[in-house]
2 protein chains.
Amino acid sequence: MTSSPRPLDATQLGAYFALIEASSLLKHAVEQQLRDAGDLSYVQFQLLATLGDAPAGSRRMTDLADGVVYSRSGLTYQAQTLEKRGLVTRIQSSDDERSITVSLTDDGRAVLAKVFPGHIAVLDDLLFSPLSGSDIETLADILGRARDHMRRTPPRSAGPRRRRTTPRTDQPD
Amino acid sequence: MTSSPRPLDATQLGAYFALIEASSLLKHAVEQQLRDAGDLSYVQFQLLATLGDAPAGSRRMTDLADGVVYSRSGLTYQAQTLEKRGLVTRIQSSDDERSITVSLTDDGRAVLAKVFPGHIAVLDDLLFSPLSGSDIETLADILGRARDHMRRTPPRSAGPRRRRTTPRTDQPD
DNA sequence: AGTATGTGCTTCGGATTCGAAGCAACTGAG
DNA sequence: CTCAGTTGCTTCGAATCCGAAGCACATACT
């Protein structure tokens, strides 16, 4: 069973490790900056930033969770925390009785603004400085494609409801 | 103070988000695979893999922590867990009385082997499949450079080891 | 040698995390 | 309308995580 798992070639391995290491190192550094610039955790920042980017500064809980790749329960926790700090509000959607709309408050925007310059500085220092303009373009392109692919690929073996996806080999459905 | 923070241009933003999102999505997916293939968390896998890669299948705690970008206390916790499961051993270095050498056991190697094929499958499906060979090469190159840069850049404002903390205004070194 | 500093690891306490289970509102088929 | 299945969110319990503090060995400076 553990026979030749078709080993990744060196390049693939290198790309994989570089991806994981780079993102970990970057996240770690950013986390520190955020911590002492505005007492925010990385997720919290991601949430505020996502909201700030949204059309009306607001999004549904679920969309937010998907956006930052987070568990729903985790998001509930963080949303409560952020609400307590007055950085976001949570109101029930009149449209959908069970849906909750999270919105950025003015305070939230303020914190975001306060933290942003330092955030960018870290990115410049750590991520962009050793790369050329075209490197960055290329990176955005390649990783963008990878991300899009992952976003649209359902979790392996977790899809209990694949209506099609499978060429009805045993399940006519 | 919050005046024009010199906004990142669209490409930079795109690269940054793509990096974070891609790594998060990938990590998440891999985590699930590892969980039900060998009941390992991502860090645990990283640790075993790092050890498996090491010359004698062993490393010092500190090096291990740096390698996977983890806190020391977190590593202590995981090392204990892995030791309890018999996947690694921890022995004091005879050389350095306070240093601990973590080594992969045969069981550890077995688990690693058991989990590896599925791990690679996930990588192929999610990360590599939408990329060309040269994409992967390029990715490895660019991210590799970024990672190396970050590894050698000390944490901002964490003052590596300024001898006196004071800018020799009174201390002529 | 003798003291100040540095290094390696663990313990401690508290914050965060996630999955599973639960609840309420929606949806679609009869 | 009514029932079964979904979907959106929260609660719960247990695992994990990190930084600060602590401890013991090592090294440097005098």
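Modeller: Two strands are said to pair if DSSP finds at least two bridges between them. Helices (H or I, at least four residues) and strands (E, at least two) are DSSP runs, numbered from the N terminus. This is a predicted model, in which local features need pLDDT of at least 70 and side-chain atom pairs count only at pLDDT 80 or more, while totals for chains, interfaces and linings use all residues. Residues are numbered from 1 along each chain as its sequence is written, and chains are lettered from A and ligands numbered from 1 in the order in which they are written.

Colleague: In what sense do strand β2 (residues 88-92) of chain B and β3(B) pair?

Modeller: Five bridges join β2(B) and β3(B). One facing pair is B:Ile91 and, in β3(B), B:Thr101. The sense of the pairing between β2(B) and β3(B) is antiparallel.

Colleague: In β3(B), which residue is the bridge partner of B:Ser58?

Modeller: β1(B) pairs with strand β3 (residues 100-104) of chain B in the antiparallel sense, over three bridges. The bridge partner of B:Ser58 in β3(B) is B:Ser103.

Colleague: What pattern does chain A follow along the sequence?

Modeller: Chain A has six helices and three strands. Read along the sequence, the pattern of chain A is α-α-β-α-α-β-β-α-α.

Colleague: What percentage of the 173 residues in chain A is buried?

Modeller: A residue is buried if 20 or more other C-beta atoms lie within 10 Å of its own, exposed if 12 or fewer, and partly exposed in between, with C-beta atoms placed from the backbone. In α2(A), the buried residues include A:Phe45, A:Leu48 and A:Leu51. Of the 173 residues in chain A, the buried share is 31%.

Colleague: How far apart are the end C-alpha atoms of helix α2 (residues 42-53) of chain A?

Modeller: The expected span of a helix is 1.5 Å times one less than its number of residues. Helix α2 of chain A has twelve residues, so it should span 16 Å.

Colleague: Around the axis of α3(B), what arc do the buried residues cover?

Modeller: The buried residues in α3(B) are B:Leu64, B:Ala65 and B:Val68. They lie on the same side of α3(B) because the arc they cover, taken from the directions from the helix axis to the C-beta atoms, is only 100°.

Colleague: Is B:Val69 buried, exposed or partly exposed?

Modeller: B:Val69 is found in the loop between α3 and α4 of chain B. Although B:Val69 is not a glycine, its phi is positive, about 55°. Because B:Val69 has 19 C-beta neighbours inside 10 Å, it counts as partly exposed.

Colleague: Is B:Asp39 buried or exposed?

Modeller: B:Asp39 lies in the loop between α1 (10-38) and α2 of chain B. The phi of B:Asp39 is near 55°, a positive value in a residue other than glycine. Because 11 other C-beta atoms lie within 10 Å, B:Asp39 is exposed.

Colleague: How many residues of chain B are in contact with chain A, and which element gives the most to the side of chain A that touches chain B?

Modeller: Two residues are in contact if their C-beta atoms, placed from the backbone, lie within 7 Å. By this criterion 55 residues of chain A are in contact with 55 residues of chain B. On the side of chain A that touches chain B, α1 (10-38), α5 (106-128) and α6 (133-152) of chain A each supply at least two residues. The element that gives the most, with 18 residues, is α1(A).

Colleague: Which element gives the largest share of the surface near DNA strand C?

Modeller: A residue is near a strand if its C-beta atom, placed from the backbone, lies within 6 Å of it. DNA strand C is surrounded by 23 residues, and A:Ser73, A:Gly74, A:Glu97, B:Thr62 and B:Ser73 are the closest. The elements giving two or more residues to this surface are α4 (72-84) of chain A together with α3 (61-68) and α4 (72-84) of chain B. The largest share, five residues, comes from α4(A).

Colleague: Which element gives the most to the surface near DNA strand D?

Modeller: DNA strand D is surrounded by 23 residues, the closest being A:Thr62, A:Ser73, B:Ser73, B:Gly74 and B:Glu97. With five residues, the element that gives the most to the surface near DNA strand D is α4(B).
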